[in-house]
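Visitor: I have a structure to go through with you. Could we take it topic by topic?

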Amino acid sequence: MSLLPRLANPHLPAESSGDLLAVERLDAELVRTGLSYWRSLKAGKPFPERASMMSCLTPQMRSQCILLEAQDGGADYECRFVGESVIKGFQADFSGRRLSSLIEALPKFGLSLRMLCEMARASGEPLGYRGWVGNDLPGADFVYHESVLLPLGGEVGGEAGAVDHLLIVSVLLLRPDQVA
């Protein structure tokens, strides 16, 4: 991973923090739009299929999302797609990487993301999350984020199958020195 080291910023907290929130409390318009698409596409099913969800995303939304594929029933996750804005915000492209490798490189971040993924995968319901980035994520070029994790899956034998992908739609507030 190429998260570049950076000196501690005295204006940021020492550690990142975040909160789960009801999806009705999401503020970011782009995140709420992703949730709206998800609700429309599920159309009486437990959750939409990956292909239908990905095909309806606008370029701006694709830029601000991560698509994770559940491996071995959620034992691990692989980053199948990472949008340009997310890559810029993290100064890293996680495409093709497994969550287990992120846990090795950035344990707190990786374990937190894994917990959120498991909650959304197991429930089959969207999950809202927002928080502040601290000096414990030194390569990040953003200070605040709001996200929704959207479970995706398909049918197996004519019945709803398990969640096999998660789409994370995020809005990242860039550090002031990173705003173009």
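Visitor: What classes of residue make up the lining of the largest pocket?

Guide: The lining has 19 nonpolar, seven polar and two charged residues. Here Ala, Val, Leu, Ile, Met, Phe, Trp, Tyr, Cys and Pro count as nonpolar, Asp, Glu, Lys and Arg as charged, and the others, Gly among them, as polar. This is a predicted model, in which local features need pLDDT of at least 70 and side-chain atom pairs count only at pLDDT 80 or more, while totals for chains, interfaces and linings use all residues. Residues are numbered from 1 along each chain as its sequence is written, and side-chain values use heavy atoms, with hydrogens and water left out.

Visitor: What is the volume of that pocket?

Guide: The largest pocket has a volume of about 520 Å³. Of the 28 residues lining it, the closest to its centre are Phe90, Phe109, Leu113, Tyr129 and His145. A pocket is an open set of points on a 1 Å grid over the protein atoms alone, where a 1.4 Å probe fits, with protein on both sides within 12 Å along at least five of seven lines; lining residues have an atom within 4 Å of a point. The volume is the space filled by probe spheres set on the points, which are joined across faces, edges and corners.

Visitor: Which element gives the most to the lining?

Guide: Helix 6 does, with six residues. Helices (H or I, at least four residues) and strands (E, at least two) are DSSP runs, numbered from the N terminus.

Visitor: New topic. Where is serine 170, and which side chain does it join in a polar contact?

Guide: Serine 170 is in strand 6 (residues 159-174), and its side chain has a polar contact of 2.6 Å with that of serine 147. Such a contact is a pair of N or O atoms within 3.5 Å; within protein, one must be able to donate a hydrogen and the other to accept it, and residues adjacent in sequence count only if both atoms are side-chain atoms. Serine 170 is buried, because its relative accessible area is 9%.

Visitor: Why does methionine 61 count as buried?

Guide: Because its relative accessibility is 1%. Methionine 61 lies in helix 3 (residues 59-63).

Notes
Buried means under 20% relative accessible area, exposed over 50%, partly exposed in between (1.4 Å probe, protein chains only).
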